[in-house]
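My notes follow in the order in which I looked things up.

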Amino acid sequence: MSVSNPDRDGWEASEDETSLLTSGPVQDDRAADAALRPRRMAEFVGQPRVRDQLSLLLEAAKLHGRTPDHVLLSGPPGLGKTTLAMIIAAELGAPIRVASGPAIQHAGDLASILSGLADGEVLFLDEVHRLARPAEEMLYLAMEDFRVDVVVGKGPGATVIPLALPRFTLVGATTRAGLLTGPLRDRFGFTAHLDFYSHDDLVTVLRRSADLLGIKLDENGAAEIAGRSRGTPRIANRLLRRVRDYAVVRADGRLDRTVAQEALAVYDVDELGLDRLDRQVLSALCGRYRGGPVGLSTIAVAVGEEPGTVEEVSEPFLVREGLLVRTPRGRVATPAAFAHLGMSTPVEGGAPTLDLEIPGTPGPSVD
Ligand code: ADP
């Protein structure tokens, strides 16, 4: 099995970044994620609809003494998909096995995972949209009939040996539900989409994490960190750890609003949750290009980054915050972007726009 896969998508690309605001896990997150992960449904903060629906599904399955339907969890990284998969297993009192789509290159890899499952076990398949096609096709039968057909030999002499599987619950997670094939999506009996967290929910996440880490975090300090966490618990926890470091070294361990502000200024995270690259992108767009429209690759050259990094790491959040708009002619800054940078919006038609672009990329181009 190998984890290399050129078919990287936007969310996953960000996992390679070491930015403080990356929503995928970076190296020092993995242990911290595990330590701070809620273990039971009652501890899981926010997402009330998903929590209610999942609780019902699990309760009903337990009442009838059967395994619950397969569950698909979709949403951006860091919102709690892995956490929920583990909670599902804990609530069922079942063991859990964890695997990831890109690591399953061959149907045989999947067959060996499936045949090794215990009865009632939960199989968590992360990035399920990145399963190799033969493995995905094997999964159809496994999900529906709890059986796989193992092909032995090749050509006309090949024989198919059906292999019965224990009953299991598949919990699939995806950051790109749109990339899931219809037949796979249809085989999940329950689908839940996780949304970004509200400010209040992030405050609750932070206070819970602070308790677990033994940090004295006051309400205002929590609010300050929550406001810069991009609606994502994983980012909130990461910022909390960095702010704690600062508090210990520079503020006798005290963690209030002022200390949080000072710490996050050191780490270049502004009050909206933008980091240095985000602000460079906005500054180029609003300053040199007077708000655009301007093409992606021009912006990338202006900030000294790869177009892919700007597009996948920076832009999604800028778009979500209403600071940047992607148009057929290129990227355009909104009045909110100018306001955030403390600049006045250029008067309509009054400012020349530079339609410079490198050919072959979206946006206006020079022939
Ligand atoms: P995903 O699998 O969607 O990338 P994870 O489940 O790994 O995200 O969540 C990342 C971290 O964020 C977890 O370790 C946990 O500490 C925290 N977290 C996520 N969702 C919640 C939640 N609803 N309540 C509290 N903490 C959460």
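Helices (H or I, at least four residues) and strands (E, at least two) are DSSP runs, numbered from the N terminus.

**Model and confidence**

I noted that this is a predicted model, in which local features need pLDDT of at least 70, side-chain atom pairs count only at pLDDT 80 or more, and totals for chains, interfaces and linings use all residues. Residues are numbered from 1 along each chain as its sequence is written.

The mean pLDDT (the predictor's confidence in each residue, from 0 to 100) is 87 for the chain, and 89% of the residues reach 70 or more. Confidence is lowest in helix α1 (residues 10–13), at a mean of 37, and highest in strand β1 (residues 71–74), at 98.

I then looked up two stretches where pLDDT stays under 50. For residues 1–17 the model has 31 contacts beyond four places in sequence. For residues 349–367 the model has 40 such contacts beyond four places in sequence. A contact here is a pair of residues whose C-beta atoms, placed from the backbone, lie within 7 Å.

**Chain totals**

I counted 15 helices and nine strands in the chain. Of its 367 residues, 39% are buried. Buried stands for 20 or more other C-beta atoms within 10 Å of a residue's own, exposed for 12 or fewer, and partly exposed for values in between, with C-beta atoms placed from the backbone. Of the contacts between residues at least 6 apart in sequence, 71% join residues at least 24 apart.

I checked the length of α12 (residues 276–288): at 1.5 Å a residue its 13 residues should span 18 Å, and the end C-alpha atoms are 17 Å apart, which agrees. The expected span is 1.5 Å times one less than the number of residues. Asp278, Val281, Leu282, Ala284, Leu285 and Cys286 are the buried residues that I listed in α12. They pack against α13 (296–303), α14 (307–320), β8 (324–327), β9 (330–333) and α15 (335–340).

Arg290 is in the loop between α12 and α13. Its phi is positive, near 50 degrees, although Arg290 is a residue other than glycine. I counted Arg290 as partly exposed because it has 18 C-beta neighbours inside 10 Å. Pro293 is in the loop between α12 and α13 too. A cis peptide bond joins Gly292 to Pro293, with omega about 10 degrees.

**Single residues**

I looked up Gln47, which is not a glycine but has a positive phi of about 50 degrees. Gln47 lies in the loop between α2 and α3 (48–64). It is buried, because it has 20 C-beta neighbours inside 10 Å.

Met86 is in helix α4 and is buried, with 21 other C-beta atoms within 10 Å. Leaving out residues up to four places away in sequence, Met86 touches Arg37 and Ile96.

Ala263 lies in helix α11 (residues 257–266) and is buried, with 25 other C-beta atoms within 10 Å. Beyond four places in sequence, Ala263 is in contact with Arg242, Val243, Tyr246 and Ala247. Its C-alpha atom is 5.8 Å from that of Tyr246, 17 residues apart along the chain.
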